[in-house]
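Please read it beside the sequence and the coordinates.

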Amino acid sequence: MTTIHYREIVYDGHTFSAEVVDEQSTFDLQQFAQACGQSPDWILQLIEYDILSVENTPEAHQFMGEDVARARKAYRLQRDFDASLAAVAVMLDLIDEVQQLRKQLKHFH
C-alpha cells in the first residue's frame, strides 16, 4: 500500500495542503483519481485527450506517481484558464517542449 504524506503550506496567510507522492508508486484508476483529487471519469477524459497515456485499458492500467503531477497540472490549467481539455493538451505539450529545449540549451552551455 502506498503512503501519501500531507503537509500544510502557509503563503500570504492562506493555508494550502500539499501531498508528496513517490514517483515510483503505482495506482489503479480509483486510487489514482483519489490521489489527484478528481473523479475517475475526469481521469478517463484525460486519457481520451492524450493528456495521460495508458498502454492498455484504463481500468487495468497502473498509473505512476509521476502521472499525478501531470494530472494536477492539467486540472490547474483547466481551472485557471477555463480551458477545454483539448486546449489543456496543447498547453501541456508546449510546456513539455519548452522544458526539453531548456534542458538542451543547458547541455550546450
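Residues are numbered from 1 along each chain as its sequence is written, and side-chain values use heavy atoms, with hydrogens and water left out.

**Confidence**

- The mean pLDDT (the predictor's confidence in each residue, from 0 to 100) is 85 for the protein, and 79% of the residues score at least 70.
- Helices (H or I, at least four residues) and strands (E, at least two) are DSSP runs, numbered from the N terminus.
- Confidence is lowest in strand β1 (residues 5–11), with a mean of 47, and highest in α2, at 97.
- Over residues 1–10 the pLDDT stays under 50, and the model has 24 contacts for them beyond four places in sequence; a contact means heavy atoms within 4.5 Å.
- Where pLDDT is low, the predicted coordinates should not be read in detail.

**Salt bridges**

- Side chains of opposite charge can pair when their charged atoms come close.
- A salt bridge is taken as a side-chain nitrogen of Lys or Arg within 4 Å of a carboxyl oxygen of Asp or Glu, and the count by this rule is three.
- One of them joins Arg70 to Asp93, at 4.0 Å from N to O. This pair links distant parts of the chain, with Arg70 in helix α3 (residues 65–81) and Asp93 in helix α4 (residues 85–108), 23 residues apart.
- Asp96 also forms a salt bridge with Arg70, at 2.9 Å from N to O. Asp96 lies in helix α4 and Arg70 in helix α3, so this pair ties together parts 26 residues apart in sequence.
- For accessibility, buried means under 20% relative accessible area, exposed over 50%, and partly exposed in between (1.4 Å probe, protein chains only).
- Arg70 is partly exposed at 21% relative accessibility, as are Asp93 at 46% and Asp96 at 26%.
- Arg79 and Asp80 meet in a salt bridge of 2.8 Å, N to O, and Arg79 is partly exposed at 47%.

**Aromatic pairs**

- Rings of Phe, Tyr and Trp (its six-membered ring) pair if their centres lie within 6.5 Å; planes under 30 degrees apart count as stacked, over 60 as edge-to-face and the rest as tilted.
- The whole structure holds two aromatic pairs. The ring centres of Phe32 and Phe63 are 4.3 Å apart and their planes are at 10°, so this pair is stacked.
- Phe32 sits in helix α1 (residues 29–36) and Phe63 in strand β4 (residues 63–64), 31 residues apart; both Phe32 and Phe63 are buried.
- Trp42 and Tyr75 form an edge-to-face pair, 6.1 Å centre to centre with 80° between the planes. Trp42 belongs to helix α2 (residues 40–48) and Tyr75 to helix α3, 33 residues apart.
- Trp42 is buried at 9% relative accessibility, whereas Tyr75 is partly exposed at 31%.

**Leu52**

- Leu52 lies in the loop between α2 and β4 and is buried, with a relative accessible area of 3%.
- Not counting residues up to four places away in sequence, Leu52 touches Phe32, Ile43, Leu46, Ile47, Phe63, Asp67, Arg70 and Ala71.
- The C-alpha atoms of Leu52 and Asp67 are separated by 7.2 Å, and the two residues are 15 residues apart along the chain.
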